[in-house]
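Take a look, and then let's walk through it together.

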Amino acid sequence: MRQEENERYEQWLQQVRKTQPILTRPDDLTRNILQKVARTPRKRKEHRKFMAWASAVATGFLLCFMVHETVFYSVSSNAGTRDAVLNASPLYRRLSEWPADRNADMSLKEKSACLSEMWKARKAKQHGQKRLIHQFMSNNH
């Protein structure tokens with residue numbers, strides 16, 4: 001009995017697949033379908049909107065903080081007000097050797113150029129030290 005039902009179902013399915021629908025007004029049918037699709041309720045994406053808004057606000061705060069630190073933060077020779085990590089860095093020691101009045105008079109571009117030159121010199125010194133260590137290691141082995 002079960003096999004017989006499956007065979008009838010397969011025959012019916014084949015017949016439906018072969019038969020083309022008869023449309024009297026295909027334009028009206030297309031328009032009707034498009035209108036119903038347009039009327040279907042959409043799921044609101046409030047969660048995504050909130051996350052995008054919160055990310056934009058956080059990005060704005062971070063950007064303002066970065067600009068404030070870049071423009072208004074000046075390195076002075078007063079080591080008592082700096083963090084221990086900043087005091088320990090060789091770059092800070094070099095900057096603290098500069099006169100404080102020179103730091104205040106320097107523009108942001110001048111400070112950036114000086115720091116860039118110091119950074120390049122430091123990297124070149126480190127590279128030379130590494131090369132010397134590698135030569136020493138290769139000569140001893």
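This is a predicted model: local features need pLDDT of at least 70, side-chain atom pairs count only at pLDDT 80 or more; totals for chains, interfaces and linings use all residues.

Residues are numbered from 1 along each chain as its sequence is written, and side-chain values use heavy atoms, with hydrogens and water left out.

Start with the fold. The protein has seven helices and zero strands, where helices are DSSP runs (H or I) of at least four residues and strands (E) of at least two, numbered from the N terminus. Follow the sequence and you read α-α-α-α-α-α-α. Of the 141 residues, 7% are buried; buried means under 20% relative accessible area, exposed over 50%, and partly exposed in between, with a 1.4 Å probe and protein chains only. Now take the contacts (heavy atoms within 4.5 Å): among those between residues at least 6 apart in sequence, 27% join residues at least 24 apart.

The accessible surface is about 13200 Å², and 59% of it belongs to carbon and sulfur atoms; the area comes from the Shrake-Rupley method with a 1.4 Å probe. Leu63, Met66, Val67, Val71, Phe72 and Leu108 make a nonpolar patch of about 600 Å². To join such a patch, residues need over 30% relative accessible area and no salt bridge, with nonpolar side chains (Val, Leu, Ile, Met, Phe, Trp, Tyr) joined within 5 Å. Helix H3 (residues 46–72) gives the largest share, five residues. Val71 lies in that helix and is partly exposed, at 48% relative accessibility.

Next, the rings. A pair of aromatic rings is described by the distance of the centres and the angle of the planes. The whole structure has two aromatic pairs. In one of them, the centres of Tyr9 and Trp12 are 6.1 Å apart with planes at 35°, so the pair is tilted; rings of Phe, Tyr and Trp (its six-membered ring) pair with centres within 6.5 Å, and planes under 30 degrees apart are stacked, over 60 edge-to-face, the rest tilted. Both residues sit in helix H1 (residues 2–18), three residues apart.

Asp28 pairs with Arg25, the closest N and O atoms being 3.1 Å apart, and Arg31 pairs with Asp28 at 3.0 Å.

Conventions
Patches are made of residues with over 30% relative accessible area and no salt bridge: like charges are joined within 9 Å, nonpolar side chains (Val, Leu, Ile, Met, Phe, Trp, Tyr) within 5 Å. A salt bridge is a side-chain nitrogen of Lys or Arg within 4 Å of a carboxyl oxygen of Asp or Glu.
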